[in-house]
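Here are a few exercises to work through with the model open beside you. Try each task before you read its solution.

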Amino acid sequence: MENTQIIEVLRQGVRDEMNAAFQYMGIAGLHGDGELKQAFLSYAADELHHAEKLLTELRQRQGKAEEFTLQVGEWEDLFAFLIEYMAHEESAIFYYDTLAALTDQKELQKLCREIGDEERLHLQQMENLYQKLKHEGYHG
């Protein structure tokens, strides 16, 4: 994979991570009681940290992040949001696994494995949260 291709893939990763953080902050504000709010704010902080790591990698490759529009999702239905974002987490896992497989650069592979593992943890946490809220009869 050429450096220009890697730069574009990293830019997309930054956009995705920033959008995920924005979505988590939005859902925290609308549906947050103490525990829910903290869970979503924690996810947002993790996604911002991922974006920061990707930006660092982008800068090391002489790339720059480009402007992008944050996507505003539908936050009214917490369960629909969780399902949508579990799919986003699965997509992120695929993204990082694929990028790691397509490059022979050890540092980039390491970064992808690190962030991919964190995304796997998010997915598991979200699945657990979804099941807990369903079990408790959460109505938001």
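**Exercise 1. What share of the contacts in the protein with a separation of 6 or more comes from residues 24 or more positions apart?**

First, the ground rules. This is a predicted model, where local features need pLDDT of at least 70, side-chain atom pairs count only at pLDDT 80 or more, and totals for chains, interfaces and linings use all residues. Residues are numbered from 1 along each chain as its sequence is written, and side-chain values use heavy atoms, with hydrogens and water left out.

Step 1: a contact means heavy atoms within 4.5 Å.
Step 2: among contacts with a separation of 6 or more, residues 24 or more positions apart account for 81%.

**Exercise 2. Describe the overall fold and its dimensions.**

Step 1: look for helices (DSSP runs of H or I, at least four residues) and strands (E, at least two), numbered from the N terminus. You'll find 4 helices and 0 strands, in the order α-α-α-α.
Step 2: the radius of gyration (over C-alpha atoms) is 16 Å, close to the 14 Å from the globule rule (2.2 Å times the number of residues to the power 0.38) for 140 residues, so the protein is as compact as a globular protein of that length.
Step 3: along its principal axes, the C-alpha trace spans about 50 × 25 × 20 Å.

**Exercise 3. Which residues lie nearest the centre of the largest pocket?**

Step 1: a pocket is an open set of points on a 1 Å grid over the protein atoms alone, with protein on both sides within 12 Å along at least five of seven lines; lining residues have an atom within 4 Å of a point.
Step 2: the largest pocket has 18 lining residues, and Asp16, Glu17, Asn19, Ala20 and His88 lie nearest its centre.
Step 3: helix H1 (3-31) and helix H3 (78-102) each supply at least two residues of that lining.

Key:
1 Å grid on protein atoms, 1.4 Å probe; cavity = no way out; pocket = protein on both sides within 12 Å on 5 of 7 lines; lining within 4 Å.
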